[in-house]
Amino acid sequence: MIPISFEFYPPKNDEQRAQLGRTATRLKAWSPEYVSCTFGAGGSTLSYTGDTVRALIDDHGLAAAPHLSCVGGTREEIAALLQRYRAQGCGRIVALRGDLPSGMGHPGEFRHAADLVAFIRAEHGDCFHIEVACYPETHPQAEDALADLRHFKAKVDAGADGAITQYFYNADAYFRFVDEARALGVEVPIVPGIMPISNFSQLKRFSDACGAEIPRWLRKRMAAYGDDADSVRELAADFVAGLCRRLVEGGAPGLHFYTLNLARPTAAVLERLG
Ligand code: FAD
């Protein structure tokens, strides 16, 4: 089996913490290479990511990578977080620009994720393995697909070791993107981000916001199943497992699962993969 990783978000209360604990315990059975924890841009949740990463390392013995988004942050804040993560023994960081919450003022001192990657390398040399984000279906704010690809290359040129894609349900978009990145001279592993499907209405909202296309046939089938939760779950797991199989057969170097802190949708996909 190729390396897999799981992404969590930082819980904000005891109930969510207990849920993440159960999810991490269950998913650990698949021996992830590492798990990652997202970061809320804009500063309000600065310490949650570090605390969650600490719990994943100390309580579950997992290799945990904090996400770090630079938008809205000052150089001092980012430098302090990097010191903290290094002291916590994190060997890997997912470096992002992030999105400023609407109405939140200053964009901060780093404009693009490439600036953050360069800063991490300048301050910490090779202490961190740096992952960056990339977008097989094109980032929604990009001028166009080729400009987005060049901006991805700039992050790798600044020192990224690997990339995780935004989720997608169209394997051809991924294969094309990888071919184009290779043609530009990008050699780092490009790991597909996989979003198992749990709540279809929520998925439609997320996908509209981040530019991921959901196939029409899947939308129609899900709409027809309506409240029949068992059929929705079966179709979702079969469909996502089929996507994973195709990606792995086509050469994907790993799979990164967006778990939304739920074990069941991701476990259902992994069980089908064997
Ligand atoms: P960038 O690489 O800076 O790109 C952002 C946009 O700017 C793109 O359209 C790009 O084409 C453009 N661009 C880049 N450089 C230039 C340039 N020099 N000139 C002009 N345009 C340029 N968000 C969070 O808030 N917290 C998280 O923890 C988080 N985790 C994520 C994990 C993964 C794997 C992925 C795929 C996304 C994640 N996101 C997260 C979402 C991400 O922050 C958003 O997609 C954000 O809008 C872009 O971040 P980025 O790091 O890709 O930015």
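Me: Which element gives the most residues to the shell around the ligand?
Reply: This is a predicted model. Elements that give two or more residues to the shell include β3 (64–69), β4 (92–96), α4 (113–124) and β6 (162–167). The element that gives the most, with four residues, is α5.

Me: Which residues come nearest to the ligand?
Reply: There are 24 residues around the ligand. The nearest of them are Thr38, His67, Arg97, Ala113 and Ala133.

Me: How many helices and strands does the chain have?
Reply: Helices and strands are both present in this predicted chain. The count is ten helices and eight strands.

Me: What radius of gyration does the chain have, and what would a compact globule have?
Reply: Along its principal axes, the C-alpha trace spans about 50 × 45 × 40 Å. The chain has 274 residues, and for that number a compact globule would have a radius near 19 Å. The chain agrees with this, at 18 Å.

Me: Is α8 roughly parallel or roughly antiparallel to α9?
Reply: Helix α8 (residues 216–225) packs on α9 with the axes 9 Å apart. Their angle is about 160°. Angles over 145 degrees count as roughly antiparallel. So α8 and α9 are roughly antiparallel.

Me: Which residues of α9 make the contact with α8?
Reply: The crossing of these two helices, α8 and α9, is right-handed. From α8 come Leu218, Arg221, Met222 and Tyr225. By class, the contact has six nonpolar, one polar and one charged residues. The α9 side is Ser231, Val232, Leu235 and Phe239.

Me: Which residues of α10 make the contact with α9?
Reply: The α9 side includes Arg233, Ala236, Val240 and Cys244. The crossing of α9 and α10 is right-handed. Facing α9, the residues of α10 are Pro265, Ala268, Val269, Arg272 and Leu273.

Me: How many polar residues does the contact of α9 with α10 have?
Reply: Sort the contact by class. Nine of its residues are nonpolar and four are charged.

Me: Why is α3 oblique to α4?
Reply: Helix α3 (residues 75–87) packs on α4 with the axes 11 Å apart. Roughly perpendicular starts at 65 degrees, and roughly parallel needs under 35. The pair falls between these limits and is therefore oblique. The angle is about 60°.

Me: Which residues of α4 make the contact with α3?
Reply: The crossing of α3 and α4 is right-handed. On the α3 side are Ile78, Ala79, Leu82 and Arg86. The contact divides into five nonpolar, one polar and two charged residues. From α4 come Phe119, Ile120, Glu123 and His124.

Conventions:
Residues are numbered from 1 along each chain as its sequence is written. This is a predicted model: local features need pLDDT of at least 70, side-chain atom pairs count only at pLDDT 80 or more; totals for chains, interfaces and linings use all residues. A residue is near a molecule or strand if its C-beta atom, placed from the backbone, lies within 6 Å of it. A crossing is left-handed if the near helix is turned anticlockwise from the far one by less than a right angle, and right-handed if clockwise. Two residues are in contact if their C-beta atoms, placed from the backbone, lie within 7 Å. Ala, Val, Leu, Ile, Met, Phe, Trp, Tyr, Cys and Pro count as nonpolar, Asp, Glu, Lys and Arg as charged, and the others, Gly among them, as polar. The radius of gyration is taken over C-alpha atoms; the globule rule is 2.2 Å times the number of residues to the power 0.38. Axes are lines fitted to C-alpha atoms, for helices over the stretch in contact, and angles run from 0 to 180 degrees between N-to-C directions. Angles under 35 degrees count as roughly parallel, over 145 as roughly antiparallel, 65 to 115 as roughly perpendicular and the rest as oblique.
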